Amino acid sequence: MSAFQEITARALKPALLELDGISRATIESHYKLYEGYVGKRNEILGKLETVDLSTANGTYSELRELKVELTFAVGGIKNHELYFEHLGGNGGEPDGAIRRLIDRDFGSVDAWRADLKATGLAARGWAWTAYDWDESRLFNYIGDAQNTFPVWNATPLVALDVYEHAYFIDYQTDRASYIEAFFANLDWGVVEDWAQQYQITA
Ligand SMILES: [Fe+2]
């Protein structure tokens with residue numbers, strides 16, 4: 001019996017194909033990568049069941065490769081599921097707990113936006129706004145790749161994909177304009193639901 005459950009890619013919500021300033025072709029390229037990560041995750045977990053842990057041919061290079069690839073695939077899944085879920089809104093200003101948290105930890109929504117935008121311009125792969133449970137506050141963190149996570153014990157609430165596939169079709173090298181489009185399509189209701197669900201309060 002297999003020790004792991006295969007997972008399947010979540011369907012794209014139709015609103016994602018109608019975003020303002022982020023094209024259908026771009027969303028489809030994210031989705032294709034996301035589906036690839038789901039397949040890879042299942043494949044690697046299958047292979048890990050057959051790896052001989054006692055010898056690994058005298059080295060652990062195969063095990064290392066599989067486990068590093070697994071983090072990359074799982075990161076690609078989690079990051080994209082966040083990304084897809086919280087786009088499709090009308091941007092604007094947040095409300096509720098997330099608004100209070102942003103005001104408290106960044107001073108204002110504009111200051112938070114400026115910081116996340118700069119973080120996204122500085123990053124190779126991702127920028128996140130996450131709530132750090134040990135510090136009891138929000139931070140904007142960088143992930144240079146799918147599998148470089150900022151810290152343990154933090155919950156991401158905003159996930160900004162800044163890999164080239166996220167903007168090149170629509171903006172070529174103008175990543176800053178893509179980040180503006182990202183803000184304009186953010187669904188703050190979804191972010192607020194996550195804050196409530198995890199009981200993150202200011
Ligand atoms: Fe992506």
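This is a predicted model: local features need pLDDT of at least 70, side-chain atom pairs count only at pLDDT 80 or more; totals for chains, interfaces and linings use all residues.

Student: Where is Gln172 placed?

Tutor: Gln172 lies in the loop between α5, residues 168-171, and α6, residues 175-184.

Student: Which loop holds Asn153, and is Asn153 buried, exposed or partly exposed?

Tutor: Asn153 sits in the loop between β2 and β3, and with a relative accessible area of 40% it counts as partly exposed. Asn153 is not a glycine either, yet it has a positive phi of about 60°.

Student: OK, on to the sheet. In what order do the strands run?

Tutor: The open sheet is formed by 3 strands in the order β2-β1-β3, with antiparallel pairing. The edge strands, each pairing on one side only, are β2 (137-143) and β3 (154-161). On average, and with direction ignored, neighbouring strands of this sheet are turned by 25° against each other.

Student: How many bridges join β1 and β2?

Tutor: Strand β1, residues 126-132, pairs with β2 over 7 bridges in the antiparallel sense. As one example of a bridge partner, Ala127 has Ile142 in β2.

Student: Switching topic: which protein atoms are donors of the iron ion?

Tutor: The protein donors are His30 through ND1, His80 through NE2, Asp161 through OD and His165 through NE2, and they lie 2.0 to 2.2 Å from the iron ion. Along the chain these donors follow the spacing H-x49-H-x80-D-x3-H. Distant parts of the chain are linked by the pair of His80, in helix α2 (residues 61-85), and His165, in the loop between β3 and α5, which are 85 residues apart.

Student: Why is the arrangement around the iron ion called irregular?

Tutor: The 4 donor atoms subtend angles of 94 to 136° around the iron ion, and that range makes the arrangement irregular, because a tetrahedral assignment for four donors needs all angles to lie between 85 and 135 degrees. For reference, the ideal angle for four tetrahedral donors is 109.5 degrees.

Student: Last one: is His80 buried or exposed?

Tutor: His80 counts as buried, because its relative accessibility is 0%.

How values were computed:
Residues are numbered from 1 along each chain as its sequence is written. Side-chain values use heavy atoms; hydrogens and water are left out. Two strands pair if DSSP finds at least two bridges between them. Helices (H or I, at least four residues) and strands (E, at least two) are DSSP runs, numbered from the N terminus. Axes are lines fitted to C-alpha atoms, for helices over the stretch in contact, and angles run from 0 to 180 degrees between N-to-C directions. Buried means under 20% relative accessible area, exposed over 50%, partly exposed in between (1.4 Å probe, protein chains only). Donors are N, O and S atoms within 2.8 Å of the metal (3.2 Å for Na, K and Ca); water is not among the atoms, so sites may look incomplete. Four donors count as tetrahedral if all angles lie between 85 and 135 degrees; four count as square planar and six as octahedral if opposite donors are over 155 degrees apart and all others between 65 and 115; anything else is irregular.
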